[in-house]
Amino acid sequence: MKNYKKYYIGVDVGGTTIKYGLFEKGKKDEKKLLAKFYVDTVVSRTNPEKAIIKGIISDIEKFCESNEYGVSKSNLAGIGLAIPGPVVDNNILRAVNINWKKHYDAYSAIKKEFGNKVKVTILNDGNAAALGEYYYSLKGKYDSICLMTLGTAIGIGIIIDNKLIEGKTGIAGELSHMKVDFSKKALKCNCGNTGCLETVTGGRGIANVYNSLYHTNVMKGAKDVISRAKVGDKKALAALEKSLDYLSMAISIIMLVYEPEVILIGGGVSNEGTFVTNIIKEHLKGKVYMTKKLPKILLAKLKNDAGIYGAVSKL
Ligand SMILES: [Zn+2]
């Protein structure tokens, strides 16, 4: 029997893992996640741009050939990519984590392989995650939101009046590389500058603040610090408060520029729950100019799946 269902594949490309999600279009046009699979990211030394896209195409082809869940090349309706770097009009400008430095037309390469009937979209991963969360649970309730994905890096996606804010070259809202630590001890960031928001808050930054305050290197990630703070370790709590104060500074700037109704906290740090969002709320008080009501600080729902949901949201 012929399968008339429509399938979509969302691909979230990270520095260590590429995540794939298979979606089926439901009756109300919503996309339902059927299956996920992960592969390690392999960054090739020669032509890394072409190599990574070739790898993604081959993974999708293999999945279609296996005919699992009824998906095949003939009923695949769309492929969406979320990329860890700025993307403008389906054109990846750069992505340091996957060594993407020069121009390569990923959009056309995927179209060529799967045919013109397959829709293709390429988005920045922070933006894709914001779209994913927005379409999954917030649309209809709010029309202006900001997602801060606090993983090892920090991804920020802003949707105002139902529209994703990208900017001329895709870096609008990327406060993760705003300089906030002006001290002599400011750490070097992956982007080449020092003292960026990402170095003092988020998955790695929270640990950095602890290690720097107490001249140690015992903390490997945010989870280490937060779990100690939760059981009343005063040193850990002080470090966490200092780190989240930097984050609330960034939120106050987002409020002044865009005024979203909701700030969603996602990524690994969000697994620590309202313990973290309550501290952020406290530190936001007195930082937001003229607004009588602070934005809602909520936990993201899709966790690590926000990128794959967002990647297919526009298809
Ligand atoms: Zn930076």
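This is a predicted model: local features need pLDDT of at least 70, side-chain atom pairs count only at pLDDT 80 or more; totals for chains, interfaces and linings use all residues.

Guide: Let's start with the angles: the four donor atoms around the zinc ion subtend 103 to 120°, which makes the arrangement tetrahedral.

Residues are numbered from 1 along each chain as its sequence is written, and side-chain values use heavy atoms, with hydrogens and water left out.

So who holds the metal? His177 does it through ND1, and Cys189, Cys191 and Cys196 each through SG, at 2.1 to 2.3 Å from the zinc ion. Donors here are N, O and S atoms within 2.8 Å of the metal (3.2 Å for Na, K and Ca); water is not among the atoms, so sites may look incomplete. Along the chain, the donors are spaced H-x11-C-x1-C-x4-C. His177 and Cys191 both lie in the loop between β10 (163–164) and α4 (197–200), so this pair ties together parts that are 14 residues apart in sequence. Those labels are DSSP runs numbered from the N terminus: helices (H or I) have at least four residues, strands (E) at least two.

How open is the site? His177 is partly exposed, because its relative accessibility is 34%, and Cys191 is partly exposed too, at 40%. On this scale buried means under 20% relative accessible area, exposed over 50%, and partly exposed in between (1.4 Å probe, protein chains only).

Now a step back for context. The chain is divided into domain 1 (7–129 + 306–313) and domain 2 (141–301), with bounds from an automatic or database domain assignment. Their C-alpha centres lie 28 Å apart. Ten residues from domain 1 and 13 residues from domain 2 make the contact, meaning heavy atoms within 4.5 Å.

One last stop is His215, in the loop between α5 (202–213) and α6 (222–230). His215 has a positive phi of about 45° although it is not a glycine. Most residues other than glycine have a negative phi. At 68% relative accessibility, His215 counts as exposed.

Technical notes: Four donors count as tetrahedral if all angles lie between 85 and 135 degrees; four count as square planar and six as octahedral if opposite donors are over 155 degrees apart and all others between 65 and 115; anything else is irregular.
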